[in-house]
Amino acid sequence: MKENEKKEKRSYAKRDASEFNFWRAVFYALVTKVFYMIRLKVIYRMKVFGKENIPKHNKYVVAANHLSTLDPPMLGTIMPRPVSFMAKQELFDIKFIRWWLDWLGAFAVNRDHLGASTIKTAKSISQTEWVLGLFPQGTRCVPGTISNINKGFASIAKSTKCGILPIGITGTEKATHIPFSGNVVVRIGELIPYNEDVDVMVTQWIKAIEELTGFKYVESEEIQNAE
């Protein structure tokens with residue numbers, strides 16, 4: 001039984017281009033463009049700036065700062081193409097969530113190790129009308145700071161020869177259910193060109209997110225010392 005579960009979980013770490021089909025795109029659009037769009041507009045008063053910076057092609061990966069579980073579907077509402085997000089592999093252990101993430105085009109990833117299956121899936125996505133979405137911070141972080149950055153997002157951009165579209169998010173960390181009480185702002189920056197040097201792309205992304213959010217980059221050690 002456990003062996004079958006492992007095989008099932010591993011299958012969600014690698015996705016073929018054929019899986020990003022018409023029906024999955026329709027489901028994705030209904031969830032993000034209808035359900036979440038209404039919620040974000042009515043409750044969170046979402047405002048979006050910089051849509052003109054979104055490339056017409058799909059040779060880029062979306063990389064945003066991370067404050068809330070609301071961030072992935074929110075990005076889905078504003079991007080013209082469906083976005084396939086990485087999700088921590090533990091989520092695929094839960095049956096309903098596994099089904100939900102599967103139909104939204106997400107795939108499992110080990111946050112501590114960027115496996116070959118992740119690169120293969122990223123390359124498969126680049127062959128479709130979808131784009132890859134990543135949160136370089138890996139996990140939700142303290143508002144006002146940019147920290148815990150995993151360079152894997154830049155490595156994936158390098159492997160797929162894609163640029164990086166930086167997106168700054170503010171306001172999603174404040175949970176609310178009262179109409180028009182939220183204040184979510186999304187700012188889309190200019191495309192960071194593909195570069196063979198991963199560190200260069202990481203540095204450019206940090207600078208872009210600082211400018212888009214007003215947050216400050218903080219080394220992980222500084223946060224631990226503060227705590």
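Two strands are taken to pair if DSSP finds at least two bridges between them. Helices (H or I, at least four residues) and strands (E, at least two) are DSSP runs, numbered from the N terminus. The structure is a predicted model, in which local features need pLDDT of at least 70 and side-chain atom pairs count only at pLDDT 80 or more, while totals for chains, interfaces and linings use all residues. Residues are numbered from 1 along each chain as its sequence is written, and side-chain values use heavy atoms, with hydrogens and water left out.

Strand β2 (residues 60–64) runs parallel to β5, to which 3 bridges join it; in this pairing Val 61 stands opposite Leu 132. Strand β3 (residues 83–88) is likewise parallel to β5 and joined to it by 3 bridges, with Val 83 opposite Val 131. In a regular strand the side chains alternate between the two faces of the sheet. Buried here denotes under 20% relative accessible area, exposed over 50%, and partly exposed in between (1.4 Å probe, protein chains only).

The structure holds 13 aromatic pairs. Rings of Phe, Tyr and Trp (its six-membered ring) pair if their centres lie within 6.5 Å; planes under 30 degrees apart count as stacked, over 60 as edge-to-face and the rest as tilted. The pair of Phe 27 and Trp 99 is edge-to-face, because the ring centres are 5.7 Å apart and the planes stand at 75°. This pair links distant parts of the chain, with Phe 27 in helix α2 (residues 22–42) and Trp 99 in helix α4 (residues 95–103), 72 residues apart. Phe 27 counts as buried at 18% relative accessibility, whereas Trp 99, at 40%, counts as partly exposed. The rings of Phe 96 and Trp 100, with centres 6.1 Å apart and planes at 25°, are therefore stacked. Both residues of this pair, Phe 96 and Trp 100, lie in helix α4, 4 residues apart, about one turn of the helix. Phe 96 is exposed at 54% relative accessibility, and Trp 100 is partly exposed at 26%. One aromatic cluster is formed by Phe 27, Phe 96, Trp 99, Trp 100 and Trp 103.

The charged end of Arg 24 sits over the ring of Trp 103, 5.0 Å from its centre (NZ of Lys or CZ of Arg within 6 Å of the ring centre and within 35 degrees of the ring normal).
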